[in-house]
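Here is a short briefing to read alongside the model. Have the viewer open, and follow along topic by topic.

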Amino acid sequence: MPAEVVEAMTAALSALRESVYDLRFSLDLPGAEEARQARADLLAQLENYVLPRVRTNTAPALIVIAGSTGAGKSTLVNSLAERNISRTGVRRPTTGTPILACHPDDKKWFAEGELLGGLERLDRPSPDSGTDGLVVVSTEKLPQGVALLDTPDIDSVVEEHHEIAHRMLDAADLWIFVTTAARYADAPAWSLLRLAKERGARLAIVLSRVQPRSADVVLKHFVRMLTEYGLGDIDRFVIHEATVTDGRLPDSEVTDLRLWLAELSVDEARRAQAVQETLNGVLNSFRTRVPALARHLEGQAAFRAELRSDVEAAYLGALAEIDKASKNGSLLHGEVLARWQDFAGSGDLMRSLQFGKGGKAGRQTPERVLAFKSAIRAGLESVIVAAANRAAEEVVARWRHRSELSAKLVEGLDRPSDNLLRHAGRAIASWQDHLNELVRTEGVTKRSVSKLVSFDPDALSLIFTVAMFSGGDGSGVPHRLVNALLGAESLRGIGSKALSDLRARIGMLFDEESMRYVHALDSAGIPDESVATRLYQATYNLEVAR
């Protein structure tokens with residue numbers, strides 16, 4: 001590919017890799033486990049094959065030898081390499097650590113290159129190497145430009161072997177699928193062929209252990225099955241039942257396959273075309289695989305949105321309760337009502353007002369005024385905490401009803417935070433100061449009254465508070481007094497501003513409370529809708545780069 005195409009592709013693929021890397025499917029919704037596996041497969045293929053192949057498109061072709069248990073993969077590799085590089089035997093599974101064989105001139109590509117970069121390079125297999133290593137050996141019997149990779153069985157009873165086999169396939173330029181005359185119709189074989197077809201991988205098939213007398217019948221049936229499946233034109237090779245000596249087949253049985261590898265080696269254009277076909281097939285598969293992940297994400301994000309809506313509904317309901325209480329007079333009860341009656345009946349109400357031109361209110365605020373102000377603050381705090389309690393209980397009930405995971409997330413969040421009462425006290429005290437300022441700066445509109453009457457701002461703001469919260473038809477003492485001093489228009493104007501400011505302050509308190517549930521969602525790794533959007537965008541950018 002031209003350098004500018006390589007640069008654009010690398011940038012787009014790197015962005016896609018980052019988007020895939022950040023994906024989390026924390027909710028056990030239907031399909032979540034499959035989505036997690038699809039994410040892991042996609043990420044491994046990007047890191048181990050696609051990005052390295054785009055950056056080093058002149059590297060030798062990597063051919064993976066894959067097949068089911070006992071198909072003879074290792075025997076085939078040893079026969080082509082004319083060297084016992086892969087262990088064979090009747091014990092199953094035999095191959096545990098992937099083994100790569102290549103020409104000596106190509107060894108550097110695979111020993112130091114980025115292909116399968118996540119695997120530790122080894123000189124020889126050992127019992128401790130496991131599936132996290134890659135044995136790289138060289139032999140001059142293999143042609144330059146192609147490398148063979150012997151993998152664990154695709155249907156291995158060892159789960160790790162099964163996973164590494166598919167990981168190797170995802171990193172291959174070409175696939176050689178090995179099956180036997182007795183097992184070519186088995187489900188594992190066709191599962192692998194289906195995967196190859198989905199990925200658009202360049203594929204060849206080796207049918208081994210074919211009895212000479214039944215070769216024509218078996219081959220015709222197999223070809224008919226392949227044709228019906230849309231794979232009738234792929235390269236096929238037949239290996240007859242033969243004696244295996246020292247882990248190798250007779251040379252005559254692998255001659256056709258050896259010539260096929262040699263042709264790939266000498267025909268650079270053909271090899272490049274095979275590599276490009278597989279790479280394009282993988283990139284084409286991203287058109288469906290990545291959006292499928294995005295749809296799973298959208299399901300997770302939709303559930304997150306439902307949980308968020310539970311929180312919002314609960315705290316909006318709590319705010320509506322307080323709005324209602326501020327208008328129907330229910331805030332003025334208990335201690336607040338007792339303090340108001342004490343303040344109004346003791347004479348402090350009238351003493352807070354002084355008649356006479358130029359008169360000034362007393363400099364010291366009466367004790368009853370301070371007690372009344374404190375009672376109002378405590379009353380509002382109590383209403384806020386009670387509403388927050390009901391909101392927390394409602395969120396917990398809703399989340400427990402939705403799923404086991406959301407029930408776990410909400411553990412310990414069934415009551416308000418320990419800081420709510422202190423924060424509410426500060427918010428109400430600040431609101432009372434703001435109301436005092438509104439009364440002082442906007443209150444006196446009747447000049448004829450202001451010439452005769454001066455008032456204590458603290459006392460008048462308390463009277464104003466009672467007038468606002470008393471509800472009714474406005475015929476009570478606080479309403480009449482405020483109307484007389486400030487006018488009905490001032491009562492409505494200042495009251496509207498004061499209630500709006502109070503609602504905003506309480507709303508901020510409830511926002512802080514609701515963030516506890518958002519943090520619980522974040523800690524669980526539940527994505528929001530922007531993650532799926534970034535995934536769609538990364539897929540689109542890759543198509544543009546191609």
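This is a predicted model: local features need pLDDT of at least 70, side-chain atom pairs count only at pLDDT 80 or more; totals for chains, interfaces and linings use all residues.

Among contacts with a separation of 6 or more, 79% are between residues 24 or more positions apart.

**Helix α9 with helix α12**

- Helix α9 spans residues 268-328 and helix α12 spans residues 367-402; their axes come within 9 Å and cross at roughly 155°.
- Because an angle over 145 degrees counts as roughly antiparallel, α9 is roughly antiparallel to α12.
- The crossing of these two helices, α9 and α12, is right-handed.
- On the α9 side, the contact is made by Phe-303, Glu-306, Leu-307, Asp-310, Val-311, Ala-313, Ala-314, Tyr-315, Ala-318, Glu-321 and Ile-322.
- From α12 come Val-383, Ile-384, Ala-387, Ala-388, Arg-390, Ala-391, Ala-392, Glu-394, Val-395, Arg-398, Trp-399 and Arg-402.
- Sorted by class, the α9 contact with α12 holds 16 nonpolar and 7 charged residues, with no polar ones.

**Helix α9 with helix α19**

- Helix α19 covers residues 529-545, and its axis comes within 8 Å of that of α9, crossing at roughly 170°.
- The pair α9 and α19 is therefore roughly antiparallel as well.
- In α9, the residues that meet α19 are Leu-283, Phe-286, Arg-287, Val-290, Pro-291, Leu-293, Ala-294, Arg-295, Leu-297, Glu-298 and Ala-301.
- Their partners in α19 are Glu-529, Val-531, Ala-532, Leu-535, Tyr-536, Thr-539, Leu-542 and Glu-543.
- By class, the contact of α9 with α19 has 13 nonpolar, 1 polar and 5 charged residues.

**A closer look at Ser-406**

- Where does Ser-406 lie? Ser-406 is in helix α13, which runs over residues 404-409.
- Ser-406 has a relative accessible area of 0%, so this residue is buried.
- A polar atom of the Ser-406 side chain lies 2.6 Å from the backbone oxygen of Trp-399.
- The side chains of Ser-406 and Ser-403 are joined by a polar contact of 2.9 Å.
- Leaving aside residues up to four places away in sequence, Ser-406 touches Phe-303, Leu-307 and Trp-399.

Technical notes:
Residues are numbered from 1 along each chain as its sequence is written. Side-chain values use heavy atoms; hydrogens and water are left out. Axes are lines fitted to C-alpha atoms, for helices over the stretch in contact, and angles run from 0 to 180 degrees between N-to-C directions. Helices (H or I, at least four residues) and strands (E, at least two) are DSSP runs, numbered from the N terminus. Angles under 35 degrees count as roughly parallel, over 145 as roughly antiparallel, 65 to 115 as roughly perpendicular and the rest as oblique. A crossing is left-handed if the near helix is turned anticlockwise from the far one by less than a right angle, and right-handed if clockwise. Contact means heavy atoms within 4.5 Å. Ala, Val, Leu, Ile, Met, Phe, Trp, Tyr, Cys and Pro count as nonpolar, Asp, Glu, Lys and Arg as charged, and the others, Gly among them, as polar. Buried means under 20% relative accessible area, exposed over 50%, partly exposed in between (1.4 Å probe, protein chains only). A polar contact is a pair of N or O atoms within 3.5 Å; within protein, one must be able to donate a hydrogen and the other to accept it, and residues adjacent in sequence count only if both atoms are side-chain atoms.
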